[in-house]
Amino acid sequence: MYDFNFAPVFGSFDALLVGAWLTIQMSTIAMIIGLVLSILGAVGKTSGPKPVRFAINVYIEIIRNTPFLVQLYFFFFALPALGVRLGPNQAALLALVVNFGAYGTEIVRAGVASVGKGNIEAAKTVGLNFTQTLRYVILKPALRAIYPALTSQFIYLMLASSVVSVISATDLAAAGNDLQSQTFASFEVYIVITAMYFAMSLAFSGVFALIGKYAFSYPMSR
Amino acid sequence: MIREFGPNEIIYITLAVRYTVLLSLIAFAGGAVGGLIIALMRVSQNKYRRWLAVAFIRVFQGTPLLMQLFLAYFGMAIMGFPIDPWTAASVALVLHAAAFLGEIWRGCIESVPDGQHEAARVVGLGYINRMRYVVLPQASRIAVGPTTGFLVQLIKATSLASIIGFTELTRAGQIISNATFEPFMVISLVAALYFALCWPLSKLASHMEHKFNQATTR
């Protein structure tokens, strides 16, 4: 029977907490930049000229039909061949942003498309001005529509970001790899790391659900 | 010595597609069996079965696949089995697929109207016959689109098996890239091959979902 030995893992727990913080940091930055990219993408895809729409569609299809790991290798190993040299953390962040942007564009576009044209006309009829219409009739319902998909995409991003440790970017999985090679307690290290990722995803989905409940708790007919 | 990136290298990488396909098929077949069990437990009347299925889905959807692969890999060593990337990757991906398919198919089973369950019960069908002849055939029509969509996710997920030393498409690309120092060409080829596998399936999935929505909305 195998003797589990968690002592060395918890002895270096601080290093793992730093790793967890780095993962949260990287995911959050990637999400914020990725969201800007998504909004630009959604605007371009709905109202841009034909070549722009085509280019955005090509981008979305390429990203959605290739593995994140290959995208990561592309930014880290292949871009230097084109003269663009990125550090591991920069390449990781870029890959996460580009990946999130493709999924986010579709989410944002679908959300804005879900706002009915009739609602905007009705707002005009009852005398709302442009900013009021934008704020109450277009943005708030659109945000409400995309919020669940967007938050689960964030959690997916955070979990997928564990892969960036393979190009030696620093995050929770990388902290685990370091600790594993120092202590040789591989299974124990990865059990603890997995539990930490699980705790993070549960915590984030809890917080997101709470925010969603208070931010979008006005009555809707649907 | 640096190798040329020539026809042999292209053939080597292209042939590695079969391992990606094979691993995806193993994961999908095993995941389908597990997923059906999870989905049925998830909609069961027994609350412990339901709870167990929810816990299984939460754990596998709430942790990174990479960690699941590492745990399967190092867990095998702990349980006294020889470390073998094939087995470790298959086990991890089967469990991963079971959790995701279980959740997808639960939705499909629940979208079969309650009246169908009740009518089947009224005409005297037991649980197995009710599921086998009434509920699952209807649920499976709804499930085709999302399941095909998940197959794309699964093919992409097999790339992570390269990290634990399983030689599939991504790892074959890495090996050639290290030998030829042509990362740009190699990684582009690898990406193009994944795209060739996944894109038709994605198109098929969205086509089927679209067709199904048209057939059911009026």
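**Figure 1. Chain A from end to end: helix after helix.** Reading along the sequence of this predicted model, chain A runs α-α-α-α-α-α-α-α-α. That comes to 9 helices and 0 strands. The C-alpha trace spans about 75 × 45 × 25 Å along its principal axes. Of the 222 residues in chain A, 37% are buried. If you take the contacts in chain A between residues at least 6 apart in sequence, 76% of them join residues at least 24 apart. On confidence, chain A averages a pLDDT of 90, and 97% of its residues score at least 70. Among its elements, helix α1 (residues 7-11) has the lowest mean pLDDT, at 80, while α3(A) has the highest, at 96.

Figure 2. For contacts in chain B with a separation of 6 or more, residues 24 or more positions apart account for 75%.

**Figure 3. Where α3 meets α5 in chain A.** Zoom in on helix α3 (residues 50-64) and helix α5 (residues 88-113) of chain A: their axes come within 9 Å and cross at roughly 115°. The crossing of α3(A) with α5(A) is left-handed. On the α3(A) side, the contact is made by I56(A), Y59(A), I60(A), I63(A) and R64(A). Facing them from α5(A) are V98(A), N99(A), A102(A), T105(A) and E106(A). Sorted by class, the residues of this contact are 6 nonpolar, 2 polar and 2 charged.

Figure 4. Why call helix α4 (residues 68-78) of chain A largely enclosed by the rest of the structure? Because 10 of its 11 residues are buried. The buried residues of α4(A) are F68(A), L69(A), V70(A), Q71(A), L72(A), Y73(A), F74(A), F75(A), F76(A) and A78(A). They pack against α3, α5 and α7 of chain A, and also against α8 and α9 of chain B.

**Figure 5. The largest nonpolar core.** Nonpolar side chains tend to be buried together in soluble globular proteins. In this model, the largest nonpolar core has 113 residues. Those with the most contacts inside it are L72(A), A92(A), L96(A), V163(A), I193(A), L69(B) and V190(B). Helix α5 (residues 85-110) of chain B gives the most to this core, with 15 residues.

**Figure 6. The side of chain B that touches chain A.** Here 29 residues of chain B are in contact with 30 residues of chain A. On the chain B side, the elements that give two or more residues are α4 (65-78), α7 (127-157), α8 (169-180) and α9 (183-216). Which of them gives the most? That's α9(B), with 11 residues. By class, this side of chain B divides into 20 nonpolar, 8 polar and 1 charged.

Figure 7. Is S162(A) buried or exposed? S162(A) is buried, with 24 other C-beta atoms within 10 Å. Apart from residues up to four places away in sequence, S162(A) touches D171(A), L172(A), A173(A) and Y197(A), along with P64(B), L66(B) and M67(B). S168(A), on the other hand, is partly exposed, with 13 other C-beta atoms within 10 Å. Look at the backbone of S168(A) too: phi is positive, about 60°, although this residue is not a glycine. Most residues other than glycine have a negative phi.

**Figure 8. A positive phi in chain B.** F181(B) lies in the loop between α8 and α9 of chain B. Its phi is near 55°, a positive value in a residue other than glycine. F181(B) counts as exposed, because 11 C-beta neighbours lie inside 10 Å and the cut-off for exposed is 12 or fewer.

Methods. Residues are numbered from 1 along each chain as its sequence is written. Chains are lettered from A and ligands numbered from 1 in the order in which they are written. Axes are lines fitted to C-alpha atoms, for helices over the stretch in contact, and angles run from 0 to 180 degrees between N-to-C directions. Helices (H or I, at least four residues) and strands (E, at least two) are DSSP runs, numbered from the N terminus. A crossing is left-handed if the near helix is turned anticlockwise from the far one by less than a right angle, and right-handed if clockwise. Two residues are in contact if their C-beta atoms, placed from the backbone, lie within 7 Å. Ala, Val, Leu, Ile, Met, Phe, Trp, Tyr, Cys and Pro count as nonpolar, Asp, Glu, Lys and Arg as charged, and the others, Gly among them, as polar. A nonpolar core is a set of buried Ala, Val, Leu, Ile, Met, Phe, Trp, Tyr and Cys residues joined through C-beta atoms within 7 Å. A residue is buried if 20 or more other C-beta atoms lie within 10 Å of its own, exposed if 12 or fewer, and partly exposed in between; C-beta atoms are placed from the backbone. pLDDT is the predictor's confidence in each residue, from 0 to 100.
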